[in-house]
Amino acid sequence: MSLEIERKFLVAHDGWKASVTRSARIRDGLISMSNGRKTRGRIAGGRATITVKGEYTGFARSEFEYPIPVSDAEEMLRTMCDDRVLEKTRHYVLHGGLTWEIDVYEGLLEGVAIAEVELDQADRGLDLPDWVGSEVTGNTWYRKITMLEEKTAERREKLGSLLAGGVSGPGFSAVQHSGIRLRR
C-alpha cells in the first residue's frame with residue numbers, strides 16, 4: 001500500500017519564488033468523493049494520472065496513483081468532474097532537505113496559494129521556511145473541494161443578484177452589464 005504523509009500551510013509571502021527549481025501546470029478534476037475518500041484525474045506536464053485516496057488518519061492516508069492516456073483524462077475531466085476542475089501552477093522549492101510544493105491556483109480559486117510538503121514519516125521534524133504561514137493540515141476549510149464549493153456558491157449568489165435586478169424583454173431575462181441572456 002502506498003501512503004501519503006503530507007502537511008499543508010498557507011503561504012505568508014513571495015520569498016519562495018527566488019528558490020523555485022521547476023514549475024508545472026496542472027489540471028485536477030474531482031471525479032468522486034465519499035466519506036473522506038476521493039478519486040481524482042490529473043493532467044500535468046503532458047502526463048495524466050488517476051488517483052484514489054483514502055481517509056486521513058492524522059497527516060497520512062492511503063494513495064494509489066496510476067498513469068492513464070491523456071485523452072482518457074481529458075474525457076474524464078470534461079464529462080465526470082462538472083465544476084470540480086481546477087487549474088494551478090505547482091512550483092517546487094527545496095528547503096531543509098525536503099521538496100516543498102507551492103500550488104498557485106488560477107480561475108475560480110485565483111489568489112489562493114498553498115504550500116505542501118510530503119514526509120517519509122508522520123512524526124518527522126520539520127524546518128519551516130520563513131515564507132510559510134499558518135498550518136492548515138486537517139483544516140477542512142482549506143481542502144480544494146471546500147474552497148471550490150464556497151467560490152461556486154459566491155458566484156451563484158452574485159449571478160442571482162444580477163438576475164433579480166436585471167429582467168428585461170418578453171420571454172428573456174437579461175443580466176445587466178454581463179452580456180448573459182437566459183431563456184425563461
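1. Start with the rings: Phe9, Trp100 and Trp131 are linked into a cluster by ring pairs. Rings of Phe, Tyr and Trp (its six-membered ring) pair if their centres lie within 6.5 Å, with planes under 30 degrees apart called stacked, over 60 edge-to-face and the rest tilted. Keep in mind that this is a predicted model, where local features need pLDDT of at least 70, side-chain atom pairs count only at pLDDT 80 or more, and totals for chains, interfaces and linings use all residues. Residues are numbered from 1 along each chain as its sequence is written, and side-chain values use heavy atoms, leaving out hydrogens and water.

2. The whole structure has 2 aromatic pairs. Phe9 and Trp100 have ring centres 5.6 Å apart and planes at 50°, so that pair is tilted. For Trp100 and Trp131 the centres are 5.7 Å apart and the planes at 80°, so this one is edge-to-face. Phe9 and Trp100 are buried (under 20% relative accessible area; exposed is over 50%, partly exposed in between, with a 1.4 Å probe and protein chains only). Trp131 is buried too.

3. Now the charges: there are 22 salt bridges, each a side-chain nitrogen of Lys or Arg within 4 Å of a carboxyl oxygen of Asp or Glu. In one of them, Arg61 meets Glu4 with the closest N and O atoms 3.0 Å apart, and both residues are buried.

4. Lys88 bridges to Asp103, closest N and O atoms 3.1 Å apart. Lys88 is at 2% relative accessibility, so it counts as buried, and Asp103 is buried at 0%.
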